Amino acid sequence: MSEIQSVVVVGSGTMGHGIAQVCAHAGLRVTMTDVSEAVVAKGKAQIEKSLAKLREKGRISAEDEQRTVAAISLSTDPVAASASADLIVEAVPERMDLKLDLVKKVSEAAPAHAIVATNTSSLSVTEIAGVAKDGTRVVGMHFFNPVPVMELLEIVRAMQTSEDTIASARAFAAKIGKKPIVVKDAPGFATSRLGVILGCEAIRMLEQGVASAEDIDLAMELGYRHPMGPLKLTDLVGLDVRLLILDHLHKELGEQFRPPSLLRQMVRAGRLGRKVGRGFYDYPDVNAPKK
Ligand code: CAA
């Protein structure tokens, strides 16, 4: 089992910047990459905001904050960055074509001992491992939003994944302060398969006029003690992300995952949730054009 000291995170969006942050905070050297300098700089600014929040709450010290920021380098070349990595975590959009292309390239550039992890929420890790130079070193590492706060790391075992890779993934979870579960590579794994069905049904209820968005959310917050209702959570995750997951699960698992037309319409209208300032709710603090 190889010890992980240097991590490349590909993608600096909602999940990517959170993953880079927790790795750097745990003392690992991190390179975060994205398609342009402007995009990756935006991801870094999000990390700084999150660290400042944690410092203000007294969860981390000012030294910790500075050390974490200093441990993160930025790049626009994930393939070159992977040449000296122990672990590469891909957190690019939930599209199989993007993931296959990236994993093929980075696994060819990476050292033989490196692990290539995919943060996919639902896609087949076995298919992704199929294009890698060494499929035994590929694993699913599914993180949860907001990454610095959520304790779970869902480790997904592809058909090709070796026991040694699973052991390294478990040790990595412990190092970054997450609790791992290990699941078989099945569509939506143990989390998304259950999580999206609740969000999907809540959207159908809104469509059918069963109750307002606020009351549907309150029902689950007060009646079931969920920290946030399913519509607020869909805004946090991103309506586009949830639609991609549902489209995939609908194809793989059947009718119960058919995306509601309201969700598709909202995505077409650009109402993608909190990140753009508008979803099922409005977020006036987010600087983005309202659609
Ligand atoms: N960085 C650092 N700290 C953060 C943070 C961030 N990005 N976001 C929230 N926090 C901290 C807050 O500072 C606060 O800290 P204290 O407890 O010390 O006060 C704490 O988290 C709680 O935050 P808030 O008080 O602002 O609000 P809250 O109590 O409503 O909690 C929440 C916010 C943690 C998001 C909570 O509502 C929650 O757990 N919601 C459910 C989240 C969830 O289910 N995530 C999974 C989504 S599915 C997914 O991600 C996978 C996928 O495949 C798409």
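Where does V35 lie? V35 is found in the loop between β2 (29-33) and α2 (37-56), where helices (H or I, at least four residues) and strands (E, at least two) are DSSP runs numbered from the N terminus. This is a predicted model, in which local features need pLDDT of at least 70, side-chain atom pairs count only at pLDDT 80 or more, and totals for chains, interfaces and linings use all residues. Residues are numbered from 1 along each chain as its sequence is written, and side-chain values use heavy atoms, with hydrogens and water left out.

**The loop residue**
- The C-alpha atoms of V35 and T76 are separated by 5.7 Å, although these residues stand 41 residues apart along the chain.

- Strands β1 (residues 6-10) and β4 (residues 87-90) run parallel and are joined by 4 bridges, and V8 has I88 as its bridge partner in β4.

**Two packed helices**
- Helix α9 (residues 213-223) packs with helix α10 (residues 230-237) at an angle of about 100 degrees, their axes being 7 Å apart; axes are lines fitted to C-alpha atoms, for helices over the stretch in contact (heavy atoms within 4.5 Å), and angles run from 0 to 180 degrees between N-to-C directions.
- The contact involves A213, I216, D217, M220 and E221 of α9, together with P230, L231 and K232 of α10.

Technical notes:
Two strands pair if DSSP finds at least two bridges between them.
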